[in-house]
Amino acid sequence: MSKETAGETAKEPVWMPVALSASIEPGTSAGAVINGAEIVVWRDSKGAAHVWEDRCPHRGMRMSFGFVRGDHIACLYHGWAYDTAGQCQYIPAHPDLEVPKTIKIPTYAVEERSGLIWTALADDADVAGVPDLGAVVPVRSLYADCSLEHALAVLGKAELPEAGSASAPASLEKLTANCWALTAGTTRLLVAAQTVGAAKTALHILIDDTGGKAAALRAPVARWAEALRGTLETAAPGALMAEVA
């Protein structure tokens, strides 16, 4: 997979969010897509997150369909097991075989910070490109059939719920590549955007918990996010109204 295919420049790989930290539990895996490139996000039993190409070199089976045992992930098809460096260490059909070093899955840089798992589709990247969002409360990951540009246009017209009051118009501010803040009064959301494809976008939504009161907003923001998905998939960007329970 080339950096150009993954939407990166040769000089500086672009960090992109691929999951909320809370959504990938120890010993589990999940498939994801960045600009059409299929990846697997998995967490070993010690809690470390890993991001690889989502393909077993043997028969091309998706590793996201596999199973995690300790610090290895095994392919569902024939059970080939790989260590955290992507190196195949065990082939059940040939238990005594010293596995060739050439049997290896491409691995990508990964950084976990502020409730998000980030990756750059390169084997190494400067973690300075990953934003520190401070204290946050995760809400949900939202997948919509629209471009990132359309999603940003909709967010720019959004209204956000505020605890104990009516919704209020929000302002959208870009923080870093692939991360924005959406603020209305005392409500501040962090929106980390994952470009799945030209017409599909994932938004990983968190609440800024600097004041320690974000937990009370989690339910109304979750309802707002569900309404947002419907708005994102309409033909034209429009204002998003929010209700506070």
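Let me start with a definition: rings of Phe, Tyr and Trp (its six-membered ring) pair if their centres lie within 6.5 Å, with planes under 30 degrees apart counted as stacked, over 60 as edge-to-face and the rest as tilted. With that rule, a search of the whole structure turns up one aromatic pair. The ring centres of W42 and W52 lie 5.2 Å apart with planes at 85°, so we call the pair edge-to-face.

A word on ground rules, friends. What you see is a predicted model, where local features need pLDDT of at least 70 and side-chain atom pairs pLDDT 80 or more, while totals for chains, interfaces and linings use all residues. Residues are numbered from 1 along each chain as its sequence is written, and side-chain values use heavy atoms, leaving out hydrogens and water.

Back to our tryptophans. W42 sits in strand β3 (residues 37–43) and W52 in strand β4 (residues 49–53), so the pair ties together parts ten residues apart in sequence. Strands here are DSSP runs of E, at least two residues, and helices are runs of H or I, at least four, numbered from the N terminus. Buried or exposed, then, for W42? It is buried, at 0% relative accessible area, and W52 is buried too, at 1%; buried means under 20%, exposed over 50%, partly exposed in between, with a 1.4 Å probe and protein chains only.

Now please find N178, in the loop between β14 (171–176) and β15 (179–184). N178 counts as buried, at 10% relative accessibility. Beyond its neighbours within four places in sequence, N178 has contacts (heavy atoms within 4.5 Å) that include W15, W118 and V191.

Zooming out, the protein has two helices and 17 strands, and 46% of its 245 residues count as buried.
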